[in-house]
Amino acid sequence: MTLLQLCYVFSAVLFILGIRSLSSPETARRGMNLASLGMLVAIIGTLFSTQIVSYTWIIAGLIAGTVLSLPISLWVPMTKIPQRIAFSHAGGALAACLIGIAEYYRYHASLTSMNMGIIGAEVTLGALTFTGSLVVAAKLHGLLPGHPITYKGQNVVNLSLFAVMIGMLIYVIVYPEMNIVFYTLLSLAFLFGLFLVTPIGAADMPVVIAIFNAYGGLTGAIMGFMLANRIQIITGALDGASGFILSLLMCKAMNRSITNVLFGAFGKIDTSAEKTSSADPNKKEPQVISVEEALQFFEQAKSVIIAPGYGMAASQAHHALREFVDKLKANGISVKYAIHPVAGRMPGHMNVLLAEANVPYTDLFDMDDINPEFPHADIALVVGANDVTNPSARYVKSSPIYGMPILDVDKAKKVIVLKRSMNPGFSGVDNELYTRDHTWMLFGDAKESLTQLAYGFKRGWSV
């Protein structure tokens, strides 16, 4: 075996071990290090390839990539990681798409039908992943509305456009020299990525990010076949397969199908229903609590379960939460974190934020493990979580979140909710938890509220 082949085999093993290690918070950091080492080995091995005729552009690319990645890794806060991940998906897809365009531009006159099929599939998937991922990033960052942007007949338009693209792809496979068809297909693919994601609400972004992760991996694998690069095929297949599996797991956690995510416009708010609801004279008002009153509850508690959500990320309250929890635990209060699979804006969002705040991974519990413990908890503290704590998901069949497994915070003896207002989550559904008799609302910025709670908590302490 050549040095290049040995490097590729070694890096493939490192990639597989890295993904395997990501299955547990305890070994996740080691998994990332293994995967990074695998990528370094693959790059170094490629530099020894005999097919390289000039290192000029390769060196320029390495320098540019390093210069761009350093500020991104150092300056982007953990709260913005979801949109950064989406932006990375866009960059990888665009790179693969441009490589496919370059191959077609150079060899289109001599391409076989099989080669043209590979190139066509690569640029189509890469183009729609690029624009779709940009829309995801824009929605998550607030540059575009988080709610679905819909219009009458949108699914018919999307399916028709997809059918036209498939027809064009088949045509260029049969007639590779038809430049106008190829570049029209490319343009429609970029457009299709926009049309695909704009009708999807921000509440579905964990699933969409996983889907585009799969698309990006599949694009890379196809590019590997085009370039006859084994490591590209292996890494693309690993990325694509893991992305699709993650997408299915996210959908299962929301009790929804992939087709419902892509075409259901989840998160579309029915304004007429909202007006009717707000005008209801019999609507129960929530119980509002102050920081001082909340402290009295905590000073009498023996067990607390915390349900974090996107609101915690938006207010960057994870460090303040950990400081408050440290005081609770120092006074003998049992504290656990309940992690819903789709809490936040990407898979594992809450885990990443809490890890940054040095919360021990042993304190984090998945939904299925923690739900039986809520009835025994003195306090369930909800920090910015909305739809994943809404009890109406169990029985209101007309609700868009009906059937979605939720955290059973309503079964705790007392519930304290940290929230800025009574506005609903991205599903557009009012959370009936907020008006329950054993629920109290602590309005305000979560970071500020938690800081005041940590400062004011004094049971057994001399501050």
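Modeller: In this predicted model, a nonpolar patch on the surface is formed by M39, I43, Y55, I58, I59, L62, I63 and V67, which together have about 680 Å² of accessible area. Two elements, α2 (28-47) and α3 (56-75), each give two or more residues to the patch, and the largest share, five residues, comes from α3. L62 lies in that helix, α3, and with a relative accessible area of 38% L62 is partly exposed, because that label covers values between 20% and 50%.

Turning to charged pairs, a search of the whole structure finds 10 salt bridges. In one of them K329 pairs with D363, with the closest N and O atoms 2.7 Å apart. K329 lies in helix α14 (residues 318-330), whereas D363 sits in the loop between α15 (349-356) and β4 (364-366), so the pair ties together parts that are 34 residues apart in sequence. K329 is partly exposed at 34% relative accessibility, while D363, at 11%, counts as buried.

Another salt bridge joins D408 to R394, with 2.9 Å between the closest N and O atoms. Both residues lie in the loop between β5 (379-383) and β6 (414-419), so this pair ties together parts that are 14 residues apart in sequence. D408 is buried, with a relative accessible area of 11%, and R394 is partly exposed, with 36%. These two residues also belong to a network of salt bridges that links R394, D408, D410, K411, E432 and R436.

Technical notes:
Residues numbered from 1 in each chain as written. Predicted model: local features only at pLDDT ≥ 70, side-chain atom pairs only at ≥ 80, totals over all residues. Heavy atoms only, no water. Patch = residues over 30% accessible without salt bridge, like charges linked within 9 Å, V, L, I, M, F, W, Y side chains within 5 Å. Areas by Shrake-Rupley, 256 points an atom, 1.4 Å probe, with all protein chains shown as cover. Salt bridge = Lys/Arg side-chain N within 4 Å of Asp/Glu carboxyl O. Helix = DSSP H or I, 4+ residues; strand = E, 2+ residues; numbered from the N terminus. Buried < 20%, exposed > 50% of the residue type's maximum accessible area, 1.4 Å probe, protein only.
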